[in-house]
Amino acid sequence: MGKLARNRLLVPEAESALDRLKMETAKELGLDDEIEEKGWGNMTTREVGKIGGNMVKKMISIAEKEMGRNSSPQ
């Protein structure tokens with residue numbers, strides 16, 4: 001098999017906002033000090049998964065709010 005495909009952003013300009021969201025989420029979970037100490041590459045799968053899962057919840061909430069603002073009554 002070939003190399004694993006890396007996730008690519010559909011909107012590359014969103015990278016810095018996603019990085020901020022990732023660190024904000026890590027801080028809320030109390031993992032920011034550990035990230036600074038160990039680095040992202042040495043975090044456990046469980047820790048990184050917890051951050052990612054919480055990021056997804058936040059992004060869904062943001063999208064739902066945006067859709068609510070943009071929907072027009074029929």
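**Figure 1. Glu24, Glu28 and Lys58 are linked in a network of salt bridges.** A salt bridge here is a side-chain nitrogen of Lys or Arg within 4 Å of a carboxyl oxygen of Asp or Glu. The model is predicted: local features need pLDDT of at least 70, side-chain atom pairs count only at pLDDT 80 or more, and totals for chains, interfaces and linings use all residues. Residues are numbered from 1 along each chain as its sequence is written, and side-chain values use heavy atoms, with hydrogens and water left out. The structure holds 4 salt bridges.

**Figure 2. Glu28 pairs with Lys58 in a salt bridge.** Their closest N and O atoms are 2.7 Å apart. Glu28 belongs to helix H1 and Lys58 to helix H3, so the pair links distant parts of the chain, 30 residues apart. Helices are DSSP runs (H or I, at least four residues), numbered from the N terminus. Glu28 counts as exposed, at 53% relative accessibility. Exposed means over 50% relative accessible area, buried under 20%, and partly exposed in between (1.4 Å probe, protein chains only).

**Figure 3. A salt bridge joins Glu34 and Lys38.** The N to O distance is 2.8 Å. Both residues lie in helix H2 (residues 32-38). They are 4 residues apart, about one turn of the helix. Glu34 is partly exposed, with a relative accessible area of 23%. Lys38 is partly exposed too, at 32%.

Figure 4. Glu66 is partly exposed, with a relative accessible area of 36%. Arg69 is exposed, at 60%.

**Figure 5. The largest pocket holds about 330 Å³ of space.** A pocket is an open set of points on a 1 Å grid over the protein atoms alone, where a 1.4 Å probe fits, with protein on both sides within 12 Å along at least five of seven lines. The volume is the space filled by probe spheres set on the points, which are joined across faces, edges and corners. Helix H1 (15-28) and helix H3 (45-70) are the elements that give two or more residues to the lining. H3 gives the most, with 6 residues. Lining residues have an atom within 4 Å of a point; among them are Leu9, Trp40 and Met59.
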